[in-house]
Amino acid sequence: MITVATAECFTHAQIGLTLHKASAGYDEFEFKYLFNEDDLKLMKNIKVITAMFVPSILGAEKLLNIKLPNPDYAYKYAKAYSEKNDLKVAKLMAEGLKRKLNVDIAIGSTAGIGRGAICILTNKTCHLFTSDIYANLLTFENIKERQRNGIEKGIKKFLDVLKNEGFL
């Protein structure tokens, strides 16, 4: 069994929940169109340990035992970074999660102003990337479009990682 855990912000734990539903054999779920039949067979070897929505600095630091940079922008209680710092923070979240739970694959995501960031961390590699959609958390410009694109891109990249890194 390949263990997976996620600590997500802008993707609202939907990457982890989708991986769980695919691995558990749910008949219907929102992002099922991203999986072909072979992908769904591969997913039977996946065990999702946790899929967390972690929007705040306090939550990320306490749950993942990490120290995050100060936010680039003031936004209520949530983290709001520039895209450059989103890349750093997504990686820190994935590293903290991997260290804390000792899973095979850890996924972190966060987004403030920019395209956001997703990190998929394995024992072999770190895959750090952004969504394709610019958005602004402070004005809510394009945030739903960025979220959907990030979820789709994160799931597709996860499937590529499974196939290309010898997990299955």
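Analyst: The largest pocket has a volume of about 350 Å³. Of its 17 lining residues, Phe-10, His-12, Phe-53, Leu-137 and Ile-143 are the closest to the centre. This is a predicted model.

User: Which helix gives the most to the lining of the largest pocket?

Analyst: Helix 5 (residues 143-164) does, with four residues. By class, the lining has eleven nonpolar, two polar and four charged residues.

User: How do you know that the span of helix 4 agrees with its number of residues?

Analyst: Helix 4 (residues 83-101) has 19 residues, and at 1.5 Å a residue they should span 27 Å. The expected span is 1.5 Å times one less than the number of residues. The end C-alpha atoms of helix 4 are 27 Å apart, so the two values agree. Among the buried residues of helix 4 are Val-89, Met-93 and Leu-97.

User: Why is Lys-76 called exposed?

Analyst: Exposed means over 50% relative accessible area. Lys-76 has 72% relative accessibility, so Lys-76 counts as exposed. Lys-76 is in the loop between helix 3 (57-64) and helix 4.

User: Why does Asn-142 count as partly exposed?

Analyst: Partly exposed lies between buried, under 20%, and exposed, over 50%. Asn-142 is at 31% relative accessibility and therefore counts as partly exposed. Its loop runs between strand 7 (135-136) and helix 5.

User: What makes the phi of Asn-142 worth a remark?

Analyst: Most residues other than glycine have a negative phi. Asn-142 is not a glycine, yet its phi is positive, about 60°. Lys-76 also has a positive phi, near 40°. Asn-102, which follows helix 4, has a positive phi near 55°.

Conventions: Residues numbered from 1 in each chain as written. Predicted model: local features only at pLDDT ≥ 70, side-chain atom pairs only at ≥ 80, totals over all residues. Heavy atoms only, no water. 1 Å grid on protein atoms, 1.4 Å probe; cavity = no way out; pocket = protein on both sides within 12 Å on 5 of 7 lines; lining within 4 Å. Points joined across faces, edges and corners; volume = space filled by probe spheres on them. Helix = DSSP H or I, 4+ residues; strand = E, 2+ residues; numbered from the N terminus. Nonpolar A, V, L, I, M, F, W, Y, C, P; charged D, E, K, R; others polar. Buried < 20%, exposed > 50% of the residue type's maximum accessible area, 1.4 Å probe, protein only.
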